[in-house]
Amino acid sequence: MDPTCTDPACTVATDVGGTFTDVVLTDGTGRVTVAKTLTTPGDPTEGLLRGVREVLAEARVAPGDVGRFTHATTLATNVILERTGVPVAFVTTEGFTSMLELGRRARVEEERYDLAYAQPEPPVPPSHTFGVPERISATGEVLRPLDEEAAARTADAIAALGVAAVAICLLHSYVNPVHEERLAALLRARLPGGVPVVTSSAVWPEMGEYERATTTLMSAYVGPVMASYLERLGGRLRGIGITAPVHVMESAGGVLPAALAAARAVYTIESGPAAGVIAAARQGARRGLADLISFDMGGTTAKAGLVRGGRPGVTHEFQVGGKGSFGGRRPGTGVPIKVPAIDLAEVGSGGGSIAWVDAGTLRVGPRSAGADPGPACYGRGGALPTVTDADLVLGYLDPGGFGGFRLSPERAREAIRAHVAEPLGVDVVRAAAAVHDIANAQMGAAVHVVTVRRGIDPRGFTLVALGGAAPTHAVRLAERFGIGRVLVPPHAGVGSAVGLLYADLAIERARTFLAPVSSLVSCSASRDNLGALAEAFAGLERAALADLAADPADVEVTRSVGMRFVGQSHAFTVDLPAGPVTPGTVQHAAEEFYKRYHESYGIDLRDPAEVTTARVRAVLPSGSRDLPRAEPGPGTAGARRVWLDGAFHEVPVRSRAGLAPGETVTGPCVVTEPQCSLLVPPGWRGAPDDTGALLLEAARGEGPWPTR
Amino acid sequence: MADALTAEILRNALCVAAEEASIVVVRSAYSTFIVEGADAAAAILDARGRLVAHSLSTALIQCASLRSALPFVRRAYPEMRPGDVFVLNDVYQGGIHANDLLVFRPVFVGGEPAYFTGTLIHVADLSGLSAGGMASDATDVYLEGLQLPPVRIATADGPVDDLVRVLAANSRTPDKLVGDLRALIAGANVAARRLEEIIAGSTPSGLAAGIEDYLADTERRMREGLAAVPAGTHRGEYALDDGHTVRVAVVSDGAGTLTVDFDGTDEQVPLPVNAGFSQTHGGVMYAVRCFVDPTLPMNEGCFAPVEVRMPRGTLVHCTPPFPGGGRFGTVAAAEEAILSAVTGALEHGGVAASGILQAFSLSGARRPWLHMSFDLGGSGAREDHDGADATGALFGGGRNIIPQAEPIEARLPVRVEEVSLIPGSGGAGRHRGGRGTRTVILMLEDARVDTRGDRLLRPPPGAAGGGPGRAGGYYRRRADGILEPLGTKATRQPLAAGEALVVETSGGGGYGRPQ
C-alpha cells in the first residue's frame, strides 16, 4: 500500500466530545485510520492535536497532504447550556426594551398548573438592554430616522458595561436593515476594538421580533468564544503543518468554513450530534434501511435521532433551556433560536456518568467523570464509579482496553463496592448490573422522546449504534423497546467523526420577501416584483457562494420560497425550479404549494397566495461518496465470563477484525474492536457485510438458554 | 414491557392526534389573533362524551367547552353518518359565546359513532353589536352575535353550502369567517383520520381497552392527589369589579373526592359578565389541578372525582337569554375563590390574587378590518416567591398566544409603539406581585375599540399583609398626547387616526408585610 497519502481527498475528521476526542482519517480509497484520545477540557485543541498526530503517524500521511479538515464541536451547546458565553448588551427599538423579559413562552405541562411558577431569567438582563429612538415600518419605510445622538449615548453606556459583544434587533429590520447597519457602525466606532456587533438582519432576516432577537443575541453570546477557539485550532494545525481549510459541522448536517462558523455560531449548536444522525442515515441507506433510530452514546451524553424514509428530521426552531424534551425542542418553552437543526433528543448520561446513592436510591449521573479524572478503571485518579466501571465489572468490556490504555477491573470493582454496593447492602456484581440497567433506562428516555412521545412505534425501526459506549448498550436498549434490528457500522466507536468525513459543505441563506403570487405570475402584472424576487435570489446566492468561498461551478444551489395563502401565517417551503425566475417557475411553485396544502389539511383551496421568504441552500459536495470499511485482519478469539440475565456465563469473545464477511455471530458473545465493545445478548445474531457493518437481528423463538 | 409500551404509544398517539388537529387549525385559519398567536383547542372524546385527549397548550376552559357541548350535539342528532361535521356556539349547550365556534366530527366503529374529534377557535366576526363579538353592552345573548345550536355544517360530500352562506352573510369579515370555519373542519378531519389509523393499528377493542386503562390510571392518580385536601368544607369568595361576588364551598372527603359548590353566588346579570356552565367547569378544573401532580394528563380521569354544582341563573351558570361572552372575569373569580378556599385549609395558607387577561378589539370605522387580542396581568405572589410578570395566571397560557408587533403591523393599519413591563406595578410585600404591562397601539385609520377587563376597579388584593397590585386600565391617547380613560368594558369607542389605544394590565397582589 502506498505509504503516503497524496490524494487531495485525504480528509481528517474530528469530533470533540465531553470525554473523548475522536479522530478519523481517510485517504479517499475508503481506507480509514482511527484514533481516540481523551478530551482536554481546558483547551480541547490539545487532545485533538494528539489524536491528529496519531492518525497521521499511523496512516503515514504527511500533514501537508491533508486536503480537508472537518470538525464537530459541542462548544456552542456547552457555552449556552452552561451560560459561559461572553457578556452581551442588547439594543432594540425604543418602546420594546421589555421584549426579552416578557418573552413568548408557552406554559405547558407541569408549568400550567404551577401556582409557584417562576419565569426564567431573561437571556440578557434589563441592565444590559437599551432602546434607541428610530422606527421603520412593516413596508420598510423610515418613519423616524435613527437618533444618532441617542445612539452615541447608548454606545457610551454599553462601553461602560464592559461587554464583549453587542446584539442589535430593531423592528422590521428584516425588510430594511439600514438603521441596524448604521447603528452597528456607530457602536463599533465607540466601542473598544474587537467587540463584535451583531445585527439581526445579518443573522436571521425574518419577521417576528422576539425570535429574531434571541437568535441574534445567542449568536453574539457564543460567537466570540467560537471565534477564538477556531482561531487557536487553526493556528495549532498550521503549527504541525496542516494547512487544509477547517470546516465545522452545522446543526442541519452540512459543514461551514471556519470563519463562517465563528460569525454564525448558533448554526453549530448541534454540531456533533448532527454528525451522528447523518452517519446513521448513510449507513442505513447502504443496507436499504430507511427507518432508523440513531443512538449515539459517548462518555458524557447520549443522543437519539429519528430517520424516516431515509431523511433525518430537521426542525427550524431550537429551544435553549427548553422544557418537556431532553433536547429542548418543545416550541415555546425556552429561548428560541431560529436555525435549522437536526431533530434529536439528548440525555446527560453516558459511559462516564457517575453512579451514586442518594438516600438509599441508586442514581446514575448527571455528573460525569469526563476525561479527567475519568472512570475509576482508567486509573487516572478517578475514584467514583461510572457506567464504564460497571460495564467492565460485568465483563462487557475488555480489560485490554480501548483508546490505547488498559482498564483496571480492580479499581472499577473497588469504586462500585465503596460507593454503590456497600451503601445499598448488595454485592458488587449486582450493584454493577443495576448501574448498567439504569444507564439503559436513561438511554431509553432519549429514544422515548423521539418515538413513543410522538406516538411513533419504534418497533419497526432499526437502531444504529454510534459512539464509544453505544455498542455495549445498544442491543439491551433495543430490547427495551421491542426493536428487532441493530446496525453496528464499522468504526462505530467513532461513528460521528466518520459521518463528518462525508458531510457536504453547505450554507443556507434566507430573507423575508413578501409579494402576492398574482404579482409574480400574471403577464399583465408589473414586472417589478418579479425583478425584485430575482434580485433577492441573486443576492442570496452571491452571499452563500461568498460564505463557502467556493468556485460557483462546483456548487449546487437550490432555491425555495415560503408560500402561504394571503391572510394566513404559516408558510410552506416549496422548491423553485433552477434557471431564471419567471412567471412560469413561480406558477410551478404555486401549484406545488396548492398540492402540499391539500395533502396536509385536506382543503382544496385556490385562494390568493403570497410569497413570504426567499431561501437558497448552496452545497459543495464532499469528495468521496464511499463509506469507510473496516479492514478484515488477523483476529483473536477467546472467551470471557460475562454477566447475562442474572448469572455469569462463559461466552465467546471475537475481535471484529477477525470476522469474515457473511460469518454469523450468535449471541451470547462479545465482539471487540479498538474503540468499542459490542455486547450481543442471547437471542441475537447477525453477520458483517463486506464493509464490516454488522446487522444484528433478534432471533425470535430461538431461546439460547435452555431455561429461557 | 411490551404491553406497557403499546399502551404508552397509544396514549401518546391520541395526544399527538389532538395536537396535530390544533396545529392544522392554527396554520389554516385566517384571524390574525389565531394565526399569529393564540392556540386552537382540539380534543378527542368518546361516544359517552368522555374527554380522552386534548391539545397541549390549550386553555382549559376551551377544552372544557368541547367536553360539555358534545352531549348536546348527540341529543340534537341521534342519527349521524360518516363524514358528518357539526358546529355550534350556544352558551347554554356547552358553548362559550357567539364567536367561539365548536366543531365536532364523529369517528365510526362498526357503523356507530364511537369517538368524536372536536376543534374550537375564536372566529373573526359573527355579527352582534360590535365587530369581533366583544360588546360589553350586550344585554342579552342575541346582541352578542348569531346563535348556533348544534347544526350539521358538512357531510361526506363537503360543506353544507346553504348554512355556510348564512354564516358568511352574518359576518363583517365573511372571507375570514369562512376560512376559519374551513380550518376548524380541517382540524377535526385530520384528527379523525389519525384516530382511524389508530383504530386500524390497534383494533377497535384494543383502542377501547387502552382508553379505559388510560382514563382509569389518570383518575387513580387524580384521586391520590386530591386526597391531600383536608376533609371538611372550605369556603372562599371573590368579588368582580362591579361588586358581584362568586362564592364557593369546596367539600373534601379527604379520600380523593371533591364537591365544588357555588351555592350563594350572586345572580346572573343582563350584561356579558356571566359565565356559561362549561366555562365555570373549566375554571374549577384549572384551580383543582393546581393541587395535584401537574404532570397528570388532562382527560376524563381528572373530571371524574370532582362534582361541580353550579346553580342555574347565577353568575357561574347563565340561562337564556343572559349573555356569557365576558366570562373570564367570572371564571377567574371562581378560580381565585377555590384557590383561597383550599390554600386556607392547608398548613401554609394564603394566596395573593392575580391580574387577569384583559381583552380588547379594534375594528375599522370605514372598512372592515379587525384586531382582537389581549394582554396579561401579573400573577399574585405566594408565601415563598414573587409573582410572575404578565403571564397567563389562572388559565395556564403563556405569552406565546399574544401576537408580536411585526406581524400585527404587517397585517393591520396600526403601529405598535410600546410593549413594556410597568415598573413597580406588582403589589408590595415580603414577596412582590408580578408586574403588569403597558401596550400602546397607534391608529393609522379611524377605528373603534371595545374593551373587556376586570380587576381594574378593584385591583388584585395582596395576602397576609401584602399590598394590592397596581390597577391597570384602558385609555385613549389623544393626538395632543393627553390620556383619557376608556371604560373597563367600553364599547365601540372611536379612535381617530393619530390617536392611540393604551392597555395597562393590573399587577398581582403582594404576599406578606413589606420588610
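Predicted model: local features only at pLDDT ≥ 70, side-chain atom pairs only at ≥ 80, totals over all residues.
## Where chains A and B meet

In this model, 49 residues of chain B are in contact with 45 residues of chain A. On the side of chain B that touches chain A, helix 1 (2-28), helix 5 (174-202), helix 10 (405-411) and strand 14 (414-421) each supply at least two residues, and the largest share, ten residues, comes from helix 1 of chain B. Sorted by class, this side of chain B has 21 nonpolar, 15 polar and 13 charged residues.

## A buried valine in chain B

V306(B) belongs to strand 11 (residues 306-309) of chain B, and it counts as buried because it has 21 C-beta neighbours inside 10 Å, where the cut-off is 20 or more. Leaving aside residues up to four places away in sequence, V306(B) touches L258(B), V260(B), V284(B), M285(B) and V288(B). V260(B) lies 46 residues apart from V306(B) along the chain, yet their C-alpha atoms are separated by 7.2 Å.

## Backbone details

Two peptide bonds in chain A deserve a look. The bond from G365(A) to P366(A) is cis, with omega near 0°, and P366(A) sits in strand 22 (residues 361-368). A cis peptide bond also joins G667(A) and P668(A), with omega about 5°, and P668(A) is found in the loop between strand 31 (665-666) and strand 32 (669-673).

H491(A), which is not a glycine, has a positive phi of about 60°; it is found in the loop between strand 24 (485-488) and helix 14 (495-501) of chain A, and it is buried, with 27 other C-beta atoms within 10 Å. In chain B, A390(B) has a positive phi near 35°, lies in the loop between strand 13 (370-375) and helix 10, and is buried, with 31 other C-beta atoms within 10 Å.

Terms used:
Residues numbered from 1 in each chain as written. Chains lettered and ligands numbered in written order. Contact = placed C-beta atoms within 7 Å. Helix = DSSP H or I, 4+ residues; strand = E, 2+ residues; numbered from the N terminus. Nonpolar A, V, L, I, M, F, W, Y, C, P; charged D, E, K, R; others polar. Buried ≥ 20, exposed ≤ 12 C-beta atoms within 10 Å, placed from the backbone.
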